Amino acid sequence: MRAPPALLSALLALPWACQEVPEASPDDAQSRDAQQPDAQQRDAQPPDAQWRDTQPPLEDSQTRDAALEDARASDAAPPPGPHAHCRLAALRPHEGATWSPAIALEPLRPTVTLYGDRLLRVTYGQPPPPLSRFWRDAPAPLAAPEGYWTTSDEAEGFELCGPEFSLIASAGGELDVEDRAGVNLLRDLPTNSGPSTGIEREAPAGEALYGFGEKTGGLNKRGARMTLYNTDAYDADWGGFRPDQDPLYLSIPWFIGLREGRAYGLFIHNTHQIELDMGAADPSRYTIHAAGGRLDQILILGPDMAQVIEGYTALTGRPPLPPRWALGYHQCRWGYANRAELEGVTETLRALDLPADAIWLDIQHLDGLRTFTVDAGAFPDFEAMLEGLKAQHFKTITIQDPGIKVDPGWPIYDQIIREGLAILDLDGAPWEGQAWPGASVFPDLSLDGGYQYWAAHIRGVIERGVDGIWLDVNEPTVFPESGGGVTLPDALPVAGRGTSTTLAEVHNVYALLQAQATYDGVRAARPDQRPFILSRAGWAGIQREAATWTGDASSTWVHLRGALPMLLNLGLSGVPFVGSDVGGYSGHATPALYARWMALGALSPFFRGHVTRGVPGQEPWAFGVEVTDISRAHMRLRYSLTPLMYTLMAEAEITGAPALRPMIYAFQEDERLLNVDDQAMLGAWMLAAPILEEGATGRRVILPEGRWFEHHSAALYEGPAVIEINATLAALPLFIRDGGIIPHIDPPQHLDGPLEGPLYLDVYPAHKRTAQRIYEDDGDGPPGPRDLSTYRWVTLRLEGDAAGATLSLGDIEGGWRPAPRRLIIRMRRVDAPPTAVRLDDAPIAAVEDITALGPPTWRYDARARALLIGLDDTGPFTLRADYDPTIREPIYTAEIALTARPPEGTPMDTPITVATSENGWTHQPLTWDEAEGVARGVITAPAGAWFEYKFARGGWCTVEKWPSCEEATNRYAFGAPGAREDQIWGWRDWCDEGPCEEN
C-alpha cells in the first residue's frame, strides 16, 4: 500500500532521538551512493533535498506510532493555512524562491532566498549573486517552495513564514528570525561603515557559539574576538603558533549557535578578511565585519546540531570517504634527509610491531626545494624506493608548496612565465616573493590556466608512484624578506574565476582552489583510487578536497590541551578528517607529553607524528621502552577500532557528521556540557577522556544521563554523574553508552589490503532499541558514486529487556562480501550465566573455545561478566540470549593472571612475590613453574582502575632492579580480566646497595 503524501512528509520530518539510534546511514533498500551523483553533481542539488533524502535513524516505537497518528490526522485535514508560528495577521501564500520587502529598510534592504525549509539566505544591498564561484558547484534556490506565506499589508512590517521559521522585516529597519518553537535566532540592524560591511546582532545571555574553523582557545567561543584571514602563524619563541594566536592557517566563516537548547548555524558567504566580536566588547551583542564584499549570510535551522551540520555540508560539500589506509598511523618529520634514513624508519616501525601505514617526505626531499621535484642525490632510484615501501605496505606522501622557484631554464618555471599563469604585480609583471626555494612566483589558481598548470604537475608527481599530496604554506605564505608581511599583498590583481578581482577576495580561498586542482590531478593519475590530500590552509568546503591538521602546534602541554577543542570545532565546521602533530611540531617533547599526545592521536581521525628539523626525533621509540610500549598499545587500540572509524568517515560522506564530536553535540539538552572540551565522543557510543594536563595522576569525567561502561573492563557507572578516576601514564579513559554496539578487529600492522580475522562486536544492551550500521569495502576504489557490488552497509539492532537481550543483523545493502570470517559477539554486562542462547530460534551449544570453527557456539566468561557468541558471518540473523540482566556488582573485582620471568640465576628455593598498590603493598607469593622457569599467580584490582605493582623475592630488600642495577620504577596495570607477562632484570641484593631494613 502506498503511503499518502502527508504521511511520508511527517515521517521524514520526525525529530529522531539520537539517544535511541544516533547513527545516520544510507537507505536500507538501495545504496544512497548508487542513487546520488558524484560530489560535484550532488552539491549542485538543493541542499534541503539532500538531507531530506538521508534516512533518519531507527526510532523507538512510541515516537514512531505517535508520528504515524499525527501524519494520518494531517492527511485527512483540509489544506492548511498559515503556520501556527506565523506572527502577522495579513498573510497570503508565497510563490517563488526569493523574497524582498516592498518597503526600503535603512540603511540596506534585505533579500531572502530559500534553499530549503531549514536554509535561508539573507543578503543586504544589491540582489544576491549566485553562491560562491570558488566552490566546484553550488546549490540552486528552491524552484517552487510550498507552505510559505507572506504579508499583503505593510502596516506591521513584512513577514515571510515557512514550515520551520518566521522572518519579519519591520518598517523601522529591524530584521527578526524565529524558529517554529518561537526561539529568536537573528535580530539585527545592518551597518555600513566605509570599506567594511558589518552586522550587529543580539546575543542573549547563555547562548553558546561553536565552530569558526581553526581557532585557539576553548570550545565555546562566546566572548571571543577572532579574525578570519589565513595566516602562517609561526612564532619563533614557541617554534610554532602561540597558544592564544589569532588568526591561524584555516578560516571558515561559519558558526553554530545554541539558544535555549535549540541549535542554528550561520554561514557568512564572504571570502574577504572578516573580524568577529562574539560578545567581547558587549556581552549582549556580537558583530561581524568584512573588509570587502557584501553582507551575505545563510541561516541554517536545527533544532539539533546534527541537522545544522547536515544542512551546512549540503551547502558547502561533504567529505569523500578516504582510502582506508589514510586512517592508519602516519610517520613524518622535517629532516628524513635521505633514502637510507627514511627506509630505516619504516623498518623500525615494523620491527617494533608498531602499526603504521604511511611515511612522509617534507621539503628536504625536493631538488633545491623546488616544488614537483626530487633530490636524486639524496633519494636515488626514487621510483624503486617507492615500490620497496609499497612492498612493506607503506604509502608515501610528499609535500608540494605553492611557490615556484624563479629559475630560468627550469621547465616548470619557464612554463608558468611563458603561459602567463603567475600572479602579477600592479605593473603587470610576475610578482616575486621569498619562499623556501628563494625568489618565487605563485600560480594564479583562480585563472583556468593556472589551475590546470597545478593539476597537471600534481598528476606527474603521482605518476612517479607517490600515494598522497601534502599542501603546506598555502595560506599562501612568503617570508618577511619579501618586503613586509608573511603573505602576498591583497592589492594584487587575480582572475577570480571569471570575475576579475584582487587577492583581497581570493586570499582565503587560495588554498581551497589549490586543493581542488590537486584533487583533480590525483584523480587524473589514478582514477581507480581515492585521493588523499592534506592541506594546511582552507576555507568553507575544504572538506570536499582534503584533510587538515592543526599546523605547527608547539611541543608543550598548553598546546596539547588546546588541540582537542580545536579538532572539535573543526569537526563542527564541516571538516571531520582532522588531527594534530603527535608530540608537537617544535620538538623536545618530554616522554610524558609524547605519551599523552599519542593517546589523543589514537582518537583523532587523522593520526600523524611529525616534528621539525634540528631537534631529537619524535618517533614512537625515541622516548624509551616505557613510552614505546605505551605508544604501541594506543596504536593497536586505534587499529582495532578501524571498523568504527571507517564507518564514521563513511557516514560523514553522507551527512557531514564529525567522527570526533563534542559532548554537547551528542547531549544537547545537558547544560553541564556547554563548555566541556577535554573529553569527546568518538561516534555515538564511545566517550573518550584523554589526559591532557602535565603531571596528572587522574582526571574528572562528566558522564551524561544513562549507564556508562568502562571500555576494557565493563565496570559500570550510572549517569548523570561526575567521577574521579586515577590514571597512569598509559591511561586512556574510554566509556561506552548503554545500547552501544562497537565493532573492532584484531589490530593489524597496516590497513592496506584485506582485513583478516574475525569481526568483534561488543554490545551493551539497554532497555530500549538501538542500532548501529557498519560500512565495509575493499579499502579503496574510485571516488564518487560506488557500484553496489563494491561495498556493503549492514544494520545491527539491539534491544534489552527484563529477560535478556536480542541482537539482529537485518538489512544488508550492497553486494560486497568479506572473505569467510567469524563474528565474535561479546554481550556486556552479563553477571549471571545465561539460561539459553538461540540463533534464529534454534538453540546453540556452549563450548570452552569460542574461536573454534564450526557451528555457532557460545561461552559464558564469569571473570569478565560477559557472554561470548561465535557464528559465521554469512548474512542476516537474530540472536537471542536469555539471562538475568541485573548488574549485581557495578565495580567488580578483576582478576589478572600474572607471569613473572625472573633473571637467570634466580634461586627457586625462595618465592617470587608481588606487591600492589591495591593490597597495601603487601608481598604475596607467586608459584614457581620449574618447567618453564617462571613464577605465576593472580593479582586483583577494582574493575576499571589503574594500579601499581613491583616484584621482589619476599621483601623490599630483594626488590627488583632494572638492568645495571638502575632503580626500577613501579610497574602498572589495569583492572580488567586478562593476563600479563613481565621480565624481571635483577634484584636489589644482587647490587651493591648497602644495608637494608624491611619497611
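This is a predicted model: local features need pLDDT of at least 70, side-chain atom pairs count only at pLDDT 80 or more; totals for chains, interfaces and linings use all residues.
Okay, let's start with a helix pair: R339, L342, E343 and T346 in helix 7 touch A384, M385 and L389 in helix 8, where contact means heavy atoms within 4.5 Å. Helices here are DSSP runs of H or I with at least four residues, strands are E runs of at least two, and both are numbered from the N terminus. By type, the residues of that helix 7 and helix 8 contact split into 4 nonpolar, 1 polar and 2 charged.

Residues are numbered from 1 along each chain as its sequence is written, and side-chain values use heavy atoms, with hydrogens and water left out.

On confidence, the chain averages a pLDDT of 90, and 90% of the residues score at least 70; that's the predictor's confidence in each residue, from 0 to 100. Residues 1–79 are where pLDDT stays under 50, and the model has 155 contacts beyond four places in sequence for them.

Back to the pair. Helix 7 (residues 339–351) and helix 8 (residues 382–391) have axes 11 Å apart and an angle of about 5°. Axes are lines fitted to C-alpha atoms, for helices over the stretch in contact, and angles run from 0 to 180 degrees between N-to-C directions. So helix 7 and helix 8 are roughly parallel: under 35 degrees counts as that, over 145 as roughly antiparallel, 65 to 115 as roughly perpendicular, and the rest as oblique.

Now, how do helix 10 and helix 12 cross? The axes of helix 10 (residues 448–463) and helix 12 (residues 510–525) come within 7 Å, crossing at roughly 45°, which makes helix 10 oblique to helix 12. On the helix 10 side, the contact residues include W454 and I458, and on the helix 12 side they include L513 and A517. That contact has 10 nonpolar, 4 polar and 3 charged residues.

Strand 38 runs antiparallel to strand 39 (residues 759–763), joined by 5 bridges, and I741 has V763 as its bridge partner.

How values were computed
Ala, Val, Leu, Ile, Met, Phe, Trp, Tyr, Cys and Pro count as nonpolar, Asp, Glu, Lys and Arg as charged, and the others, Gly among them, as polar. Two strands pair if DSSP finds at least two bridges between them.
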